[in-house]
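This briefing is meant for a reader who is meeting the structure for the first time. Please look over the sequence and the model, and then read the points below alongside them.

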Amino acid sequence: MNDYSEENAETSANIKKNYYFLKTENKEGVIGLSNLGNTCFMNSSLQCLGHLPSFVSEIKTIDLNLFKKNNLITVLVDLFKQMENKDKDNKSQDILKNIIHLMSEINNKYSLYQQQDANEFISLLLFHLNRGVIRLNLSFENKYINHESESQEYKNMMKRFFTGKSFIESLFYGKIKKVILCPRGHEIKNIFQIFTILELSFIEEKSPKDLKKMLKAYQGDQYYDDEIICPLCQNKKYKRCRQQTLIYDIPKYFIVHFNKNEKKEYLKIKYDLELLYSDIVLNENIYIKYKLVGVVKFSGIKGFGHYTAVCYNHFDENYYKFNDSQIEVVNQTNLICDNANILFYERID
Ligand SMILES: [Zn+2]
């Protein structure tokens, strides 16, 4: 086992002050996940995903009969049902083995039971879930598109599946736009990109270590290095034009990941329990709030460290820390500045 216990890094006095242990059996939505050997990256990722109510309720309404039995969607539904299960009979260990097995069919490195990056695991999982959901939508289209039935069930199905977007895309896919400007300010080129996890980096030593400031810096000016022609400047060629990055479409679940700095260290980041729309999409004054609902934390160095998760439980409105199978309730003030690696924010509708 390469994992080391994060608890060693924290003083016992601090733990006593901020956490108390809980009996897990009688709490809805609070189930620890066993470590199968360096699988804390997966456990922490799945805890956070399993604490996103809209995602869980959408995926649970899929008709599982449409899939072969051991599919990423079906096993995830099984796991989320287990995570709500108040029985002592916990089958989550077998389900986790299945998830690792299915992920190793996508990328063989998951078969090795070694420490992996949680952000990569989440991205890959969402990508493949989306593929599964899109395939399902297409098969529904083929089956029902010429159907004459007018039943309510049929209408609901139409509404659910033919909105053009899969629910994974609606919940997790954000958009950024890169605008390349000529020295005279003409928009030469727009590049659109989709993200599920927004990657925030420390560009230099003095880069801010604060989420809001990092979101601002991410959308600051950069240079576009390729030579580019501006049609509005009589096709003049320019080099090193200004490039602006703008986040312009935020999904229901806004997820950010903090990369290591140039010394390959993870830094402590300051972040908030709430974000406003205008903290993410700059210069927009729409009053929409985002609430912190999940944090994947990482302590140690790459390949030799330990992942834990802190998740917001919508049933009792507490934050819980999940250290594999161990669960503790978390004092909210303890969240503000620490070794957060991935943050999950939920739009309050
Ligand atoms: Zn121009």
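Predicted model: local features only at pLDDT ≥ 70, side-chain atom pairs only at ≥ 80, totals over all residues.

**Helix H5 and its surroundings**
- The buried residues in H5 are Ser92, Ile95, Leu96, Ile99 and Met103.
- These residues lie on the same side of H5, because they cover an arc of only 100 degrees around the axis.
- The partners against which the buried residues of H5 pack are helix H2 (40-50) and helix H4 (72-84).

**The chain as a whole**
- The chain contains ten helices and 17 strands, and 31% of its 349 residues count as buried.
- Among the contacts in the chain with a separation of 6 or more, 68% are between residues 24 or more positions apart.

**Nonpolar cores**
- The largest nonpolar core holds 70 residues, of which Cys311, Leu343 and Phe344 touch the most other members.
- Helix H6 (residues 118-144) supplies the largest share of this core, namely seven residues, and at least three residues come from each of domain 1 (2-173 + 251-347) and domain 2 (174-250).
- Leaving aside residues up to four places away in sequence, Leu343 touches Ile255, Val256, Tyr271, Leu292 and Val295.
- A second, separate core consists of five residues, including Ile180, Cys230, Tyr238 and Cys241.

Conventions:
Residues numbered from 1 in each chain as written. Helix = DSSP H or I, 4+ residues; strand = E, 2+ residues; numbered from the N terminus. Buried ≥ 20, exposed ≤ 12 C-beta atoms within 10 Å, placed from the backbone. Contact = placed C-beta atoms within 7 Å. Core = buried A, V, L, I, M, F, W, Y, C linked by C-beta atoms within 7 Å. Domains from an automatic or database assignment. Arc of directions from axis to C-beta.
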